[in-house]
Every structure is written in structure tokens, then in C-alpha cells.
Amino acid sequence: MVEISDADPVNWLREEDSKCYEDRLFRLKFLAERTPTEGYWPFDGLAGKHLFEEARYCFVYGQFLATILLGIAYLETALASSFYASGRNDLQRAPFSELLNEALSVGLISVDEYEEMNRVRNERNSYGHYRRPSHEGRIESRAVKEGELPYDIIERDATSVMRLLLRIVGKGIL
């Protein structure tokens, strides 16, 4: 990749766009095929809407770590907001793991959704929080264990987050 400071910004951007266009188009089609076209779109105010929209935008543009972090932040915010709207003021600052446990216990999400959200939560934690170099959740350890390139794992994690996010939004439960 050419450093921005080493090139004319206009040409740099054109070159980047031409290299990434097909991948971005593929991811945009992926989202378009899975994005609900009808029904209620729940957002916890402007910040919630931006979390959702920016996660989608980052995914299309291949900013996969940002996709993961923003997508999970949206799910966490949406769960807390749903509980708050139903009168559950005790959960407004609860950690995501507690929100997931409560959502499962009251039937807001299924066991499969709980397990998937918990899995992506743990993946998000390995990206967003320090882990010692040999920790099994670090991308380097996962790459060795899974025999894949780190970038491919991060892309797969981001795709998983977006698939989950769109499925949950499509159900209208958050």
C-alpha cells in the first residue's frame, strides 16, 4: 500500500478505489440481500442509528475491526434500550454479557441468538481489550489454530457480526 504522504492524494484515492471496488461491491450486495426492506427499524436515538449505519459503511469499505466494534456496540445499546423502554431501569448500564443473559431469560432472544451474540461478544473483546500475546482469543493464536490468515479471520468475524445484526434488526426485537 502506498503511503498517503508519498503520493498525490487524488491519485492515491483513485488507485485505492480501483483496487477495492469489486470487493466493496460484493459486500454491498451481501448487505442489500440481507437488509430488511419493511417493518420497524429500532434505533436508540441518533447515536444508535449512527452505530448501525457506520457499522454497515465500514463493512462495505473493508474496515472490519471497526465493523465488529461498532456492530457489537449497536447490539449492546439496542438491548439496553429495549430493556429501558420496557421499564427495566436496572439494566441501563449493565455489561453486554448481563444484557444477553437477561434477554435470553425473558425470551427476547433465542438460545441460538444468545450463543451467537455471546460468541461475537467474545471475539469483539479480543479485538477491543488487551490480551496477553499467547491468549487463545488473539488473532495471531486464532490464525495458527484455524490455519487461516489473520485478515481472513477478521473479515469472517465482521461478516458474522453484520449477518447477526441484520437478522436481529429484521426480526424487530431490538
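Let's start where helix α5 meets helix α7. On the α5 side, the residues in contact are Glu-113, Glu-116, Met-117, Arg-119, Val-120, Glu-123 and Tyr-127. Facing them from α7 are Ile-153, Ile-154, Asp-157, Ser-160, Val-161, Leu-164, Arg-167, Ile-168 and Lys-171. Sorted by class, this contact holds eight nonpolar, one polar and seven charged residues. Please keep in mind that this is a predicted model.

How do the two helices sit against each other? Two packed helices are described by the angle between their axes and the distance between the axes. Here α5 covers residues 111-128 and α7 covers residues 150-171; their axes come within 11 Å and cross at roughly 140°. Angles over 145 degrees would count as roughly antiparallel, so α5 and α7 are oblique to each other. As for handedness, α5 passes α7 in a left-handed crossing.

Now for the pockets. Rolling a probe the size of a water molecule over the atoms shows where empty space is left. The largest pocket has a volume of about 240 Å³. Eleven residues line the largest pocket, and Glu-16, Cys-20, Tyr-61, Gly-62 and Gln-63 are the ones nearest its centre. Which helix gives the most to this lining? That would be α1, residues 9-34, with six residues. By class, the lining of the largest pocket has four nonpolar, two polar and five charged residues.

Finally, the second largest pocket holds about 160 Å³ of space. Its lining is made up of His-135, Glu-136, Gly-137, Arg-142, Lys-145 and Glu-146. In that lining there are no nonpolar residues, two polar and four charged.

Methods. Residues are numbered from 1 along each chain as its sequence is written. This is a predicted model: local features need pLDDT of at least 70, side-chain atom pairs count only at pLDDT 80 or more; totals for chains, interfaces and linings use all residues. Side-chain values use heavy atoms; hydrogens and water are left out. On a 1 Å grid over the protein atoms alone, a cavity is a set of points where a 1.4 Å probe fits but cannot get out, and a pocket is an open set with protein on both sides within 12 Å along at least five of seven lines; lining residues have an atom within 4 Å of a point. Grid points are joined across faces, edges and corners, and a volume is the space filled by probe spheres set on the points. Helices (H or I, at least four residues) and strands (E, at least two) are DSSP runs, numbered from the N terminus. Ala, Val, Leu, Ile, Met, Phe, Trp, Tyr, Cys and Pro count as nonpolar, Asp, Glu, Lys and Arg as charged, and the others, Gly among them, as polar. Axes are lines fitted to C-alpha atoms, for helices over the stretch in contact, and angles run from 0 to 180 degrees between N-to-C directions. Angles under 35 degrees count as roughly parallel, over 145 as roughly antiparallel, 65 to 115 as roughly perpendicular and the rest as oblique. A crossing is left-handed if the near helix is turned anticlockwise from the far one by less than a right angle, and right-handed if clockwise. Contact means heavy atoms within 4.5 Å.
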